[in-house]
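Subject: A structure for you to look through

Hi,

Here is the structure I promised to pass on to you. Please open it beside this message, and then read on for what was found in it.

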Amino acid sequence: MSDTIVSLPDQSTARIPKDNFITRENGLLSWLLTGDHKRIAILYLISLSFFFFIGGALAGLIRLELLTPQSDLMATDTYNKVFTMHGVIMVFFFLVPSVPATLGNFLIPLMIGAKDLALPKVNLLSWYLYVAGGLLTLYTMATGGVDTGWTFTTPLSTHYVNTNVLTTGLAVFIAGFSSIFTGLNFIVTIHKMRAPGMTWFRLPLFVWAHYAASILMVLATPVVAIAIVLVALERTIGIGVFDPTKGGDPLLFQHLFWFYSHPAVYIMILPGMGVISEVISTFSRKRVFGYTAVAFSSVAIAVFGFFVWAHHMFIMGVSNYAVLIFSLLTMLVAVPSAIKIFNWTFTLYKGSITFETPMLYAFGFMGLFTIGGMTGVFLGTSGTDIHLTETYFIVAHFHFVMVGGMLMAFLAGLHFWWPKITGRMYPEKISQMAAVVTFIGFNLTFFPQFILGTLGMPRRYAAYPPEFQVLNVFSTAGATILGVGYLLPVLYLVWSLKYGAIAGGNPWQATGLEWQTQSPPLTENFVKMPIMDHEAYDYEWLEHQTEERKKEVASAG
Amino acid sequence: MSHISPVLWQFLVKWLTYFALFPPEASKIAPQMDALYFFMVLVSLIGLTVVTLLVISFSILYSKKRHPVAEQIEGSTLLEATWTIIPLGLFLVMFVWGALIYFRVFTPPANAMNIYVVGKQWMWKAEHPGGQHEINSLHVPSGRAVQLTLISQDVFHSFSIPAFRVKREAIPGRYTTVWFEATTPGTYHLFCTQYCGTAHSQMIGDIVVLTPEDYRKWLANSTSGASLAQNGERLFASLSCVACHNTRPDARGPSLANVYGAKLPLASGGTVTADDAYLREAILNPSQHVTQGYAPIMPTYQGQVSEEGIIALVEYIKNLNSDYRIQQTTNTTDLLPEGEARPASAPKVAPAAPERLKP
Amino acid sequence: MPDSPLIAHTDSPVANSAHHGDDAHPSYLRHHFESVEQQADTTNFAMWLFLLTEVMFFGGLFTAYLIYRNWYYPAFVAASHQLSIPLGGLNTLLLITSSFTMAMGVWCAETRRKSGLVLCLCLTFILGLGFLGIKTIEYSEKFEKHHVPSYHYSLNSFLNPDSDPAAKAAGDKPLPLDVARHTEVYFSLYFAMTGMHALHMIIGIAILGFMIFRARAGAYTSGHVTFVENFGLYWHFVDIVWIFLFPLLYLISRH
Amino acid sequence: MSEPKEHAHHIVSPKVYVVILFALLVGTATTVWASYVDLGIFNPIIALAIACTKATLVVLFFMHVKYATKLTKLTIFCGGFLFITLIGMTLADYITRAWGQW
């Protein structure tokens, strides 16, 4: 642990560059009406963290309620509202936008050598839609919440609930558009605004992953938009599309909803995978093993992601033959994730590995995502799905992939690019400790839930049979540790804004184009348009560059 | 911590000694599903240990201290092929094995004993053919195939018995079925696992598996006097089904004797086997299921008869293997078309439950 | 499909772009683009991606339509006879002609004919309003006959078609109650699909009004036609949705 | 895959638009006429075929896709493919429900 690849400029003389995108203009309006993708990324980062901690607080409430077999902390319908809000806020207001909207927004133009995203105004509109959707959700929470679960299952959500389904649906509809505009912006930028020489196979894998995720954002989100609009129409003017008494088929809502919601889980995980490719390559000083395999596996996940949605409905009454088709295709979609895990593992082979915080988070990601991915196959196999679906096994599975996978990757990326975003280094020791605490807290929280799942404890239960209590108590204990693990980064990252070491342009000696400019970068990103004349992750080229610069400094000095 | 209060002590002892780690295997399918489950756990553990060992060993062998200069390796298509084909092979094995179990659970055997389960917001109602009605509990004999025909009166519910490894959604508008064969007698948990509103957590119950003799005893002393088919018969008369489906040669509706399981030619072409779902559809949307040679004049009973009523009618029609019962109903009710002279047979007192309708 | 960036290929300096007499950085070129043509190409590609989201948005509705048409075919036939083909046909002609005038408008913008552009946009505007006018007539007729789902939805014109002029004209036989009941699903889909289409028309007409206002000020005839082009794509898309809606809803089976 | 520069602004002549307009009007007329003729199962097929041809005409000529880059054509193909997947795989469930036990 002792030696590290961090190479900071001499702290006594180093200063944050006078002219950068933060200091270029000031005043609230310059932030609220900005077109600069970097500023929008920071606006997103702040609003995302706000919603993450609301969702996290709700998760804490759920875990407290489940300490005891009886539902005694709150009334059952309050519990239903709490877990619904936890689901809605976490899925639509944290997981879907988190890595793309913050790190993706900030870094994609820098990585491909462009001045900005293709459509800056649309990018700002995406943030305003996100905030509008978020405020609408807070309004819903304040005025009585909604208790349909984040899946809005009809006919419950259309006829048997009188809570704010309409306002939540509108909030999710608006947040959906925010996601569409982000995805659209990324696809157009990656296609049309790459620097000269930046061919597709010289793109960093971060950009590939975001390209695949953006395809899903653009093509899948509208289907949940129409599903929500139909639910809203059915609640207001009573059109009978999903209403069994009028002849409608409630399973059709499930088809339309899961047609989006399964690609949505790939929207959430793919950007995280992009971050992990970057971090593992930088901290083992090596090109990612099998670059094309990893790049194409991202696109393969995106493409196969569209054909597997009915594995969420195996026991809901879809025909047995449809179950066969969807179960088989689910097996195909699991393979690219395995490819990625093995390629990351072999990137470490013959590297020169150091263990800074981003790398610790990346190792955490690889362990937890492997478990999460494998348990997904448990649920994709129709046989075991009968017993395991709709129990805590599913809760554990998607928390392993979303919290263990995506959130770990988000924190890895946040720490890895923190010096580029703010120009300051985060404190190393305490953040490494925070990563380990998060890892331990996570496993203690969600591993017992696998066992609860095999025991058959149903999802969304406020009360449960007494023999499940021990595992639930472990899970709640783990949740408190996890809470601490997530609180620490907020503290020391805010602290680092003022007291962090000056990072300079390339503290990690990384090869990406974003590390070849000053940090925090200029508003127009590069002084002159960079020409990409080397392969991605070309560490020899980097050494060559650093020697040249040393010679220049020596000759100038 | 010199003194732990007795309450806390008692709580700890009870709490640490009374917890479960794996559900009991109480049905024939349970061990088969557990076999697949443990195969997958094994594969996952192997995969996890391989990845973890590789990561740890590489981290130690190639840390910066021990291996300061990294060797750039492009990749190897051989390795890529191996870790594509091996996972794909394993996953396909799991897929086939899983699909076999899935089809075994959701294709009930012919000799299965049928029990109807109606899911209603926040309670389960089980309707035994013999007339036993249960709320939030289900008594089943061990060693015999039991098929559940599920339907919901309002929202999606899901009938889940972890001990049997069996779970099926009860959806409004259509029957869904699942079957199991309980093996070890005992009482097991019943959960509703599809979120269905406020008291979703209270929609639980017990599955009581009895030995065949205890089951017969239970049947005898918990009957409600009239079997499901008899309820159906009473409904058959009160809803004036008999006005058309009587056994007279010029009846406007087809005779329903032995209709269950038969292949019916439809007026709109094609044939359909008359199973529970067809009978229910024919009662609620008759005009789309008219048998050949009959006019589509049957009115719909949507909204006039509850799900339990439809179940009773379906059970009655399933047990109709001769016209005897319908003749009795025709004679005892004055529902014949006006111009008909009713045969002068004196109305008989409704006989005690004839054996023919024994469940 | 490596799509090497355009910039590397425009070896000819940006200055002599297709438009005569423009300097290297005309006013409408946004700072982060290298050339006018890259900006036009990018916005065109973005518009197409947006149209894809609209395709998937209507895809959900068409899936629902397809499934319920197979489930309740007789009810769909009877209910479809309630719609008047002359009005529907006229609407289709209006929309196709408005698509034509929109295409002519784009041509006028490209060839810098300001008056032609304004004329075409006004024609498109009027045709669009005409379409919405006919739609309101059809909707009001549905409200009179109580064919609006769950607003005292009446099955009268399906149970005894002779009492209903449209059904009598189509020569319908009386439907049994349970088949007639499912006509409400048809009208649910009818209002959902045509309502969503009309909403897109209203948005289009609003933008069209704004464009006419700007076109009169000569905005689009000085080389920067992307706004007109992209709106043209949106308008043609809305026309395509109607091209599918008309046969699926109106012409289920008229024999 | 980058097209030669001339694609950038291929101005479609009004004559083409008039021909396409005429074709669309003829298409509408035929589809209305076809619905009055009892062709059994072919009615919906013909209606959809005519609608698809009209739609392709509008896409190719009115929306200039005939002269557009391969990227735009690929995008439209992806959109159409996914539209068919949504409908096709949902129908895969609905059609096979009648086959086996429910």
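Let's start with a pair of strands in chain B. Strand E2 (residues 123-127) of chain B pairs with E3(B) in the antiparallel sense, over three bridges. Strands count as paired if DSSP finds at least two bridges between them. Helices (H or I, at least four residues) and strands (E, at least two) are DSSP runs, numbered from the N terminus. Within this pair, B:Lys125 stands opposite B:Ile135 in E3(B).

Before going further, please note that this is a predicted model: local features need pLDDT of at least 70, side-chain atom pairs count only at pLDDT 80 or more, and totals for chains, interfaces and linings use all residues. Residues are numbered from 1 along each chain as its sequence is written, while chains are lettered from A and ligands numbered from 1 in the order in which they are written.

**The sheet in chain B**

Which strands does the sheet hold, and in what order? It is an open sheet of five strands with mixed pairing, in the order E3-E2-E1-E5-E8 (chain B). Strand E3 (133-135) and strand E8 (176-181) of chain B are the edge strands, each pairing on one side only. On average, neighbouring strands of this sheet are turned by 25° against each other, direction ignored. Helix H7 (residues 307-318) of chain B packs on the sheet, where it touches strand E1 (113-120), E2 and strand E5 (145-152) of chain B. The direction of H7 makes about 165° with that of E1(B). Axes here are lines fitted to C-alpha atoms, for helices over the stretch in contact, and angles run from 0 to 180 degrees between N-to-C directions.

**Domains and confidence in chain B**

The domain assignment of chain B gives domain 1 (22-67 + 76-225) and domain 2 (228-338); such bounds come from an automatic or database domain assignment. Their C-alpha centres lie 35 Å apart. In the contact, 10 residues of domain 1 of chain B meet nine residues of domain 2 of chain B. Two residues are in contact if their C-beta atoms, placed from the backbone, lie within 7 Å.

Chain B averages a pLDDT of 86, and 92% of the residues score at least 70. (pLDDT is the predictor's confidence in each residue, from 0 to 100.) Over residues 339-359 of chain B, pLDDT stays under 50.

**Two helices in chain A**

Helix H8 (residues 205-236) and helix H10 (residues 291-304) of chain A pack at an angle of about 10°, with their axes 9 Å apart. H8(A) and H10(A) are therefore roughly parallel to each other, a term for angles under 35 degrees. The residues of this contact divide into 11 nonpolar, one polar and no charged. Ala, Val, Leu, Ile, Met, Phe, Trp, Tyr, Cys and Pro count as nonpolar, Asp, Glu, Lys and Arg as charged, and the others, Gly among them, as polar.

**Where chains meet**

The contact between chains A and B takes 80 residues from chain A and 79 residues from chain B. H11(A) gives the largest share of the chain A side, 14 residues. By class, that side has 44 nonpolar, 26 polar and 10 charged residues.

Elsewhere, 42 residues of chain C are in contact with 38 residues of chain D. H1(C) gives the most to the chain C side, with 12 residues.

Enjoy exploring!

Notes:
Angles under 35 degrees count as roughly parallel, over 145 as roughly antiparallel, 65 to 115 as roughly perpendicular and the rest as oblique.
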